[in-house]
Amino acid sequence: MDRLTPVEQRAPGRWQIGTIARIEQETPRVKSFRIGLPMWMPHLPGQHYDVRLTAPDGYRAQRSYSVASSPLDAGEIELTIDRLDDGEVSPYFHDVAVEGDQVEVRGPFSSYFVWRGEAPVLLVGGGSGVVPLMAILRHRRRTMPELGMRLVYSVRTPEEVIYADELRDDALLTFTRESPDGWAGHTGRIDASLIGETGIQSGTAFVCGSNGFVETASRLLLESGFEPQQIRTERFGPTG
Amino acid sequence: MSGFVSRGFQRRRRPPEELAERLPPGQYFERGFPVLTAGPTPQVEPDAWGFRVDGMVGQERELTWEEFQALPFETVPCDIHCVTKWSKLGTSFGGVSVDTLLDGVEPQGSFAMAFSYGGYTTNLPLDDLTGGKAWVVTEHEGEPLPREHGGPARLLVPHLYFWKSAKWVAGLRIMDHDEPGFWEQNGYHSRGDPWREQRYWTD
């Protein structure tokens with residue numbers, strides 16, 4: 001445990017102006033933004049930041065985004081943002097923001113959907129629900145790689161896989177709509193056999209995705225032996 | 001931080017004109033009814049549901065589903081505001097006023113902890129629960145409250161952020177002091193007034 005970054009639990013809550021240092025296209029509709037922060041503080045993996053955009057007429061829009069990076073990346077956070085066509089904030093990030101732009105953020109917030117070094121851990125993500133789980137997986141790889149943790153990641157098609165080049169044997173993928181040529185792994189919605197294959201039947205589970213996905217996944221986890229109190233969930237609202 | 005403008009940002013979402021002033025700061029207009037729950041959805045059947053008021057009271061009260069149904073039922077037109085930034089304007093719920101539920105209970109404290117099936121809790125000053133400001137509701141827009149939205153019954157405190165409106169509510173514990181509930185222990189504001197944008201501890 002002493003290798004975990006010590007974290008002040010109290011959120012700072014103050015708005016600060018960050019600078020977009022790097023933008024990476026993850027999939028056709030998902031981009032990751034590395035944002036340098038003047039008042040950076042370490043987050044707990046799983047926490048989120050609020051982002052605020054201000055128009056010239058003073059109009060402001062706010063949304064919450066999960067941090068994808070490990071708190072070992074001092075001085076910056078990575079926000080991975082899914083483009084929602086009828087949204088207001090995510091299209092700005094996708095269509096307007098460029099490296100060097102400034103963006104107002106505050107955080108990190110919420111200490112419920114966070115990993116504090118518990119083990120074993122099962123991570124279950126649907127679509128862009130993988131984002132906060134990636135912060136947990138990345139941090140564990142850099143602090144306690146021997147610790148039991150598996151990621152189950154449900155995604156529609158090969159081109160929609162976020163963090164594709166970082167998924168190793170600690171990650172189990174299933175493709176629900178279309179799988180890569182020659183794919184010998186799982187296809188279809190997550191089920192009991194996929195959960196069973198992780199070898200993790202108890203401990204702490206983190207589930208993130210759409211409401212339907214989270215309902216299905218948490219029911220499977222209950223059936224496979226997880227206690228309700230040990231299943232932490234994060235459901236997407238329409239955060240455009 | 002005033003004066004900051006996001007390069008190239010323009011407003012894209014607008015509530016209908018007549019509803020615009022009902023949108024608190026930092027919120028956006030949402031037509032749907034998103035589901036946000038910490039943990040799995042508890043399965044509570046109406047037959048197994050009950051509501052109790054206990055803690056620092058002159059007289060504890062316990063109600064079965066049937067007894068609850070016999071109480072005066074009100075339709076509550078309201079706007080709801082989720083701390084995750086969406087607001088649903090012009091919706092309605094149906095249920096029993098907390099004033100009615102506290103009839104004969106004689107609260108001896110000024111604070112309450114709402115508690116739910118599944119273990120969720122949220123704290124409220126009694127003042128925010130009484131005086132026609134809070135209900136335990138079993139209907140949404142004329143239909144039985146869906147399970148994912150807290151059915152069979154949830155607390156409704158529309159003038160505070162919606163995490164205060166505990167789903168699958170099982171009762172109220174009256175206390176002589178304030179104590180943080182579930183989200184209030186996890187970084188969210190103790191009171192949660194959307195018009196003052198009380199989202200997090202430091203707001």
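Visitor: What makes chain A a chain of two domains?

Guide: Chain A is divided into domain 1 (16–109) and domain 2 (121–235), where the bounds come from an automatic or database domain assignment. This is a predicted model, in which local features need pLDDT of at least 70, side-chain atom pairs count only at pLDDT 80 or more, and totals for chains, interfaces and linings use all residues. Residues are numbered from 1 along each chain as its sequence is written, and chains are lettered from A and ligands numbered from 1 in the order in which they are written.

Visitor: How do you know which residues of domain 1 of chain A are in contact with domain 2 of chain A, and how many are there?

Guide: Two residues are in contact if their C-beta atoms, placed from the backbone, lie within 7 Å. By that criterion, 15 residues of domain 1 of chain A are in contact with 15 residues of domain 2 of chain A. On the domain 1 side of chain A, β1 (16–27) and β5 (76–82) each supply at least two residues; helices (H or I, at least four residues) and strands (E, at least two) are DSSP runs, numbered from the N terminus.

Visitor: Why is α2(A) called largely enclosed?

Guide: A residue is buried if 20 or more other C-beta atoms lie within 10 Å of its own, exposed if 12 or fewer, and partly exposed in between, with C-beta atoms placed from the backbone. In α2(A), 11 of the 14 residues are buried, so the helix is largely enclosed by the rest of the structure. Among the buried residues are A:V130, A:L133 and A:R138. The cover over the buried residues of α2(A) includes β4 (60–66), β5 and β7 (121–126) of chain A.

Visitor: How do you know that the span of helix α2 (residues 130–143) of chain A agrees with expectation?

Guide: The expected span of a helix is 1.5 Å times one less than its number of residues. The 14 residues of α2(A) should therefore span 20 Å, and its end C-alpha atoms are 20 Å apart, which agrees.

Visitor: What makes β8(B) and strand β10 (residues 154–156) of chain B a pair?

Guide: Two strands pair if DSSP finds at least two bridges between them. β8(B) and β10(B) have three bridges, in the antiparallel sense, and B:V137 has B:R154 as its bridge partner in β10(B). Strand β5 (residues 86–97) of chain B also pairs with β8(B), antiparallel over five bridges.

Visitor: Why is strand β8 (residues 135–140) of chain B described as largely enclosed?

Guide: Five of its six residues are buried, so β8(B) is largely enclosed by the rest of the structure.
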